[in-house]
Amino acid sequence: MMRKLLLVVIICGAMVKTNAQTVNKPRLDSLLDLLATNNRSMGSLAIMQNGRLVYQKSIGYADIDSPSTIPATAETKYRIGSISKMFTGVMVMQLVEEGKLSVTSTLDKFYPAIPNAAKITIGMMMNHHSGLHNFTNDPQYFSYMLSPQTHQQMLARITAMKPDFEPGTKGQYSNTNFLLLSYIIEKISGKSYPELVKQRIINKIGLKDTYYGDKINTAKNEALPYAYSGKWTKFSETDMSIPTGAGSMVSTPADLDKFIVALFDGKLIKPASLELMKTSTDNYGSAMFATQFKGRKVYGHGGAIDAYRSELAYFPEQKFAVSYISNGGSFDPSRVMQAVYNISFNEPFEMPNFTAVKGLDDYIGVYSSKQIPLKINITKDGSNLIAQATGQSAFPLDATKTEGVFEFDKAGIVMEFRAAKGEFTLKQGGKEYLFTKE
């Protein structure tokens, strides 16, 4: 009987090992060390398998400007931007389950003055089909983003914005949707968003390093945002009274993994509510996105606020959760995540190549274009090209495998240089602009 029991234990143990992803720690370490050594990213990565934290590593610094720099650690907390929308979405579904709200409820029941309010449902806002203009795309946004704003001020701006399209006709990402959803949650509950997210999510599943953000405080293990253009320089800070449920949360990769695992394990909402969140229309789920990685289903969200970039993903069939948050660097976290997927699932993968490129002096100079009133100054910092457009911050250009072609992946910029002609073509957002050296 004992031998039979022992055999069962061994077989079960073998099955667990077979079903689990093999975390290649040395290869993940090499990836992150490569990014850190070449000043391509600062941030933190955490991986959970079967609800257990199996990998964690931080690179770079939480603070470079202090008398003594503060290295990033597993306890370092970052602004997570739009991943906050998943928290908001969960609370919306909780209220639906409690009978206090419906996905078919219309916006006019809460804010009738907003254009098309009677046609816009909670469900449309959840999956970005409302047609409401994205307030962060409004030119005026940059005039107030660093200062505290009241709900009344934000509502007045939203009410004055012209809709982008008729509600329900298509999907288009808009932070306005989740700003309003967070206000609606507050109206229904009679409590502030910070109180609600703490009560309904954070305390419920025991998140220790997640909360509604305020002014960044390095004494609380919070990382400052930085941009790199030859050296790390501090970036501006959005006032967190503005994004609310669209982007005001602070967390760690380990806590985000724990959050998404709890969500899929039914600890926050019922299975039917989760299915609704997972369902995509025009590639938009409700407060999350559904994608695939080489035949494997993946759910999650990304985030961007100031210089912070964040990614959270969950493979439900493999019970595999991954999160990477960066507080600076030109190597986009979405590329870090793709690399982590390849490494974790034993798919073919080549490490990024940051080898110094020869002949950079041929590209240096001031370039202008007849197509747009903009000049771009190309300089060199050691083995890197640096670009700076008129009135904008400098940014590094990463060499590609094609000679003369450089990119700034974070902004989707590609520059194709033709040194002999003293020109380059800038490609961004499906458009091309010819620049000639002055």
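Student: In what order do the three strands of the open sheet sit?
Tutor: The order is 5-9-6, and the pairing is antiparallel. Strands here are DSSP runs of E with at least two residues, helices are runs of H or I with at least four, and both are numbered from the N terminus. Two strands pair if DSSP finds at least two bridges between them. This is a predicted model, where local features need pLDDT of at least 70, side-chain atom pairs count only at pLDDT 80 or more, and totals for chains, interfaces and linings use all residues. Residues are numbered from 1 along each chain as its sequence is written, and side-chain values use heavy atoms, with hydrogens and water left out.

Student: Which strands stand at the edges of that sheet?
Tutor: Strand 5 (78-79) and strand 6 (211-212); each has a single partner strand, so one side of each has no neighbour in the sheet.

Student: How many bridges join strand 5 and strand 9?
Tutor: Two, in the antiparallel sense, with strand 9 covering residues 249-251. Arg-79 stands opposite Val-250 of strand 9.

Student: Switching to charges: how many salt bridges does the structure hold?
Tutor: It holds 20, counting a side-chain nitrogen of Lys or Arg within 4 Å of a carboxyl oxygen of Asp or Glu.

Student: What does Asp-398 pair with?
Tutor: Its salt-bridge partner is Arg-40, at 2.8 Å from N to O. Asp-398 lies in strand 17 (residues 395-399) and Arg-40 in the loop between helix 2 (25-37) and strand 1 (42-49), so to speak distant parts of the chain, 358 residues apart.

Student: Are those two buried or exposed?
Tutor: Both Asp-398 and Arg-40 are buried, meaning under 20% relative accessible area, with exposed over 50% and partly exposed in between (1.4 Å probe, protein chains only).

Student: And which residue does Asp-209 meet in a salt bridge?
Tutor: Lys-77, at 3.9 Å from N to O. The two are 132 residues apart, with Asp-209 in the loop between helix 8 (193-205) and strand 6, and Lys-77 in the loop between strand 4 (70-71) and strand 5. Asp-209 is partly exposed at 22% relative accessible area, whereas Lys-77 counts as buried at 8%.

Student: What about Lys-294, how exposed is that one?
Tutor: Lys-294 is partly exposed, at 48%. Its salt-bridge partner is Glu-347, with the closest N and O atoms 4.0 Å apart, and Glu-347 is partly exposed too, at 22%.

Student: Which residues end up in one salt-bridge network?
Tutor: Arg-79, Lys-215, Lys-234, Glu-237 and Asp-306, joined by salt bridges that share partners.
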